[in-house]
Amino acid sequence: MAKELKILIINGPNLNLLGKREPEVYGNQTFGDYFSKLQFQFKETELSYFQSNSEGDLITKIQEADGVFDGIVLNAAAYTHTSVGIGDAIAAISVPVIEVHISNTFAREAFRHQSYISKHAKGIIVGFGLQSYELAIKSFL
């Protein structure tokens, strides 16, 4: 049976440390374990995953997704607040992007209230822990 949708999850810097990085903010589950659960939960959806600590790699992956994926779930992490380049890459592609954040960025430091992605995103989901990714995927179904 063919998959209905192809969705790419992209995680930015330091999200490879989930499960050990600030568990009081980000929880204690690795993203790899969580991704396996998402794949099981969304069996009819083809999910792919990419993580990089490099801004250029993230931009390249966003550009490569155009015309290949039906949607992108993007947690650009700290680059959300600093990368005009990632925002420009999203604006340049036709694939819809949902911006996600594990923590409520608006309840944190003031610099985290600014996003260079939000303006170009189909939607934004913040503050629901890892469930933010699940909610983003559901928005494409």
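I looked up phenylalanine 35 and found a relative accessibility of 11%, so it counts as buried (under 20% relative accessible area is buried, over 50% exposed, in between partly exposed; 1.4 Å probe, protein chains only). This is a predicted model, where local features need pLDDT of at least 70, side-chain atom pairs pLDDT 80 or more, and totals for chains, interfaces and linings use all residues. Numbering starts from 1 along each chain as its sequence is written, and side-chain values use heavy atoms, without hydrogens and water.

Next, the rings. I count six aromatic pairs, taking Phe, Tyr and Trp (six-membered ring) with centres within 6.5 Å; planes under 30 degrees apart are stacked, over 60 edge-to-face, the rest tilted. Phenylalanine 35 and tyrosine 49 make a tilted pair, 5.6 Å centre to centre with 35° between the planes. That pair joins distant parts of the chain, helix α2 and strand β2 (residues 45-51), 14 residues apart. Tyrosine 49 is partly exposed at 30%. Ring pairs also tie Phe31, Tyr34, Phe35, Tyr49 and Tyr133 into a cluster.

Then the helices (DSSP runs of H or I, at least four residues; strands are E, at least two; numbered from the N terminus). α2 (residues 31-41) packs on α5 (residues 131-140) at about 30°, axes 11 Å apart. That makes the two roughly parallel (under 35 degrees; over 145 is roughly antiparallel, 65 to 115 roughly perpendicular, the rest oblique). In contact (heavy atoms within 4.5 Å), I see Phe31, Tyr34, Leu38 and Gln41 of α2 meeting Gln131, Tyr133, Glu134, Ile137 and Lys138 of α5.

Conventions: Axes fitted to C-alpha atoms, helices over the stretch in contact; angles between N-to-C directions.
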